[in-house]
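Hello,

Here is the structure you asked for. My notes follow below it.

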Amino acid sequence: MTETIGSPVAGKGKRLEELNDEMFASRALGDGFAVRPPELFAKKEVVSPVDGEVTMVFETGHALGLTTATGHELLLHIGIDTVTLKGLPFETKVKVGDHVRRGDLLCLADWKLMRKHGCETDVIVIALNSEIEIMAQPGKLNPLDPIFTIR
């Protein structure tokens, strides 16, 4: 069964190979897509790209795991090297076991604080253990615009 995954933020869509992180660029964790919020982006909301269940919230708030309504596993990683900030730029709004709908608020992220500390703000969505088909082209995206489908 195919499932469409939406963008968790507004910004510029990027293919994984464009990221400055070898683990994501090499697809070591799986395939996916990234979105970088604009430099002056004031809106801090990161929303759920799917209907599903929150299965993991990393203690620093920079990563979340979701299992979609059809059983596909996703990793949502907010920023590059943001784990070093020990949770400072994140205000998580969900916990493990929460059921979310597409567009529900997952967390607030302080993009300016991330940049101030030298971290990139790319929001990366990875399909774990699933094949995908990229739908989005690099360029401007709105929240929930389709970025890929899972097969």
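Histidine 72 sits in the loop between strand 6 (63-68) and strand 7 (73-80). Strands here are DSSP runs of E with at least two residues, helices are runs of H or I with at least four, and both are numbered from the N terminus. This is a predicted model, where local features need pLDDT of at least 70, side-chain atom pairs count only at pLDDT 80 or more, and totals for chains, interfaces and linings use all residues. Residues are numbered from 1 along each chain as its sequence is written, and side-chain values use heavy atoms, with hydrogens and water left out.

Is histidine 72 buried or exposed? Histidine 72 is buried, at a relative accessible area of 13%. Buried means under 20%, exposed over 50%, partly exposed in between (1.4 Å probe, protein chains only).

The side chain of histidine 72 makes a polar contact of 3.3 Å with that of serine 130. Such a contact is a pair of N or O atoms within 3.5 Å; within protein, one must be able to donate a hydrogen and the other to accept it, and residues adjacent in sequence count only if both atoms are side-chain atoms. Beyond four places in sequence, histidine 72 is in contact (heavy atoms within 4.5 Å) with residues including Met1, Glu3, Leu66, Ile150 and Arg151.

Now the whole chain. The protein chain has 2 helices and 14 strands. Of its 151 residues, 50% count as buried. The C-alpha trace spans about 40 × 30 × 25 Å along its principal axes.

Best wishes
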